[in-house]
Amino acid sequence: MTETPKPTSRAVGWLLLVYRVPSEPSHKRVAVWRDLKRIGALYLQQCVCIVPRRRALRTALTGVRNKIATLGGTSNLFEIPRVSAEDDAALITGFRDLIAKQYAEIVEECETKFVKEVEFEHFRQNYSFAEAEEIAQDLEKIRVWFARVQVQDWFDAPGREDVATWIQRCAQLLEEFYSAVHARVMAHASGPDAADLAQALPPVHALSADLHAAAEPSALEVFTHRPAGPQSRRKTT
């Protein structure tokens, strides 16, 4: 199961990782940096990062430390039960800003890519079941992305409700696109896709549930994989 995020306004201690990795080849440092960013670590300076003191994050950091060792580097992990109120507030602000930026990226994905893609397919009147499925998969990628960011939203960053609103709007656009596909198929009952579509076209909520179940990340995946978001599939004719 994935860890359910429990946003708070304060921390319960911190885990500080200090590490060194050979500067050459550069891909070693990049690999460690990528893993730590996927965990949700906040960099304080080069090769020094911090996360809230949580069991799942300690486990994830242990995995990163093992990788550092295999790459010929060294690391130290420090547990910090408490810091000054001022430093605590500054760290929490840093994490909230980090997550707020990711929420904004998801909104941008919805607004400038998903919505525009659906509008473009309406413009082209590309009402095929295959196209509807591709759009549904794009929406599910956005949902999975949102779920993974929420897991790292430890301090109730702003923007979560905006994302939820946009995803709901995208779901409605998808529902409308499916309806347009169904209407087109029924109007051209002799078309090559008509027989299959008449029997196979599922309600969008059922399709989304199936996709969500298939794409649900494990606890380990949540901390080691972050999707870059759906790629635009816009076509030209």
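Trainee: Which residue in β4 stands opposite Leu17?

Mentor: This is a predicted model, so read each value as computed from it. Leu77 in β4 stands opposite Leu17. The strands concerned are β1, residues 14-20, and β4, and they pair in the antiparallel sense over seven bridges.

Trainee: What is the strand order in the sheet?

Mentor: The order is β2-β3-β1-β4. The sheet is open, has four strands and pairs in the antiparallel sense. From one strand to the next, the twist averages 25°.

Trainee: Which strands stand at the edges?

Mentor: β2 (42-45) and β4 (74-80) do. Each has a single partner strand, so one side of each has no neighbour in the sheet.

Trainee: Which strands does helix α2 lie across?

Mentor: Helix α2, residues 55-70, lies across β1, β3 (48-52) and β4. Relative to β4, α2 runs at about 160°.

Trainee: How do I read the faces of a helix? Which residues of α2 are buried?

Mentor: General idea: an α-helix has 3.6 residues a turn, so residues three or four places apart point the same way. Now the case here. Leu57, Ala60, Leu61, Val64 and Ile68 are buried in α2. Looking down the axis of α2, the buried residues fall within an arc of 100°, so they line one face of the helix. Arg55, Thr59, Ala69 and Thr70, on the other side of α2, are exposed.

Trainee: What about backbone angles? Where is there a cis peptide bond?

Mentor: Most residues other than glycine have a negative phi, and most peptide bonds are trans. Here, Glu24 and Pro25 are joined by a cis peptide bond, with omega at about -5°. Pro25 sits in the loop between β1 and α1 (27-39).

Trainee: Which residue just after α2 takes a positive phi?

Mentor: Gly72, with a phi of about 85°. Cys47 has a positive phi of about 65°, and Gln125 has one of about 55°.

Trainee: Where is Cys47 placed? Is Cys47 buried or exposed?

Mentor: Cys47 is in the loop between β2 and β3. Its relative accessibility is 13%, so Cys47 counts as buried.

Trainee: Where is Gln125 placed, and how does Gln125 count at 49% relative accessibility?

Mentor: Gln125 belongs to the loop between α3 and α4. Gln125 counts as partly exposed because its relative accessibility is 49%.

Trainee: Next, the nonpolar cores. Which residues touch the most other members of the largest one?

Mentor: In general, nonpolar side chains tend to be buried together in soluble globular proteins. In this model, the largest nonpolar core has 30 residues. Tyr103, Ile106, Phe114, Val163, Ile167 and Phe177 touch the most other members. The elements giving two or more residues to this core are α3 (85-124), α4 (129-151) and α5 (160-187). The largest share, 11 residues, comes from α5.

Trainee: Which residues does Phe177 touch?

Mentor: Leave out residues up to four places away in sequence. Phe177 then touches Val118, Glu121, His122, Asn126, Tyr127, Ser128, Glu131, Ala132 and Ile135. Apart from this core lies another, of 27 residues, including Leu16, Val21, Val48 and Phe155.

Technical notes. Residues numbered from 1 in each chain as written. Predicted model: local features only at pLDDT ≥ 70, side-chain atom pairs only at ≥ 80, totals over all residues. Heavy atoms only, no water. Core = buried A, V, L, I, M, F, W, Y, C linked by side-chain atoms within 4.5 Å. Buried < 20%, exposed > 50% of the residue type's maximum accessible area, 1.4 Å probe, protein only. Contact = heavy atoms within 4.5 Å. Pairing = 2+ DSSP bridges. Axes fitted to C-alpha atoms, helices over the stretch in contact; angles between N-to-C directions. Arc of directions from axis to C-beta.
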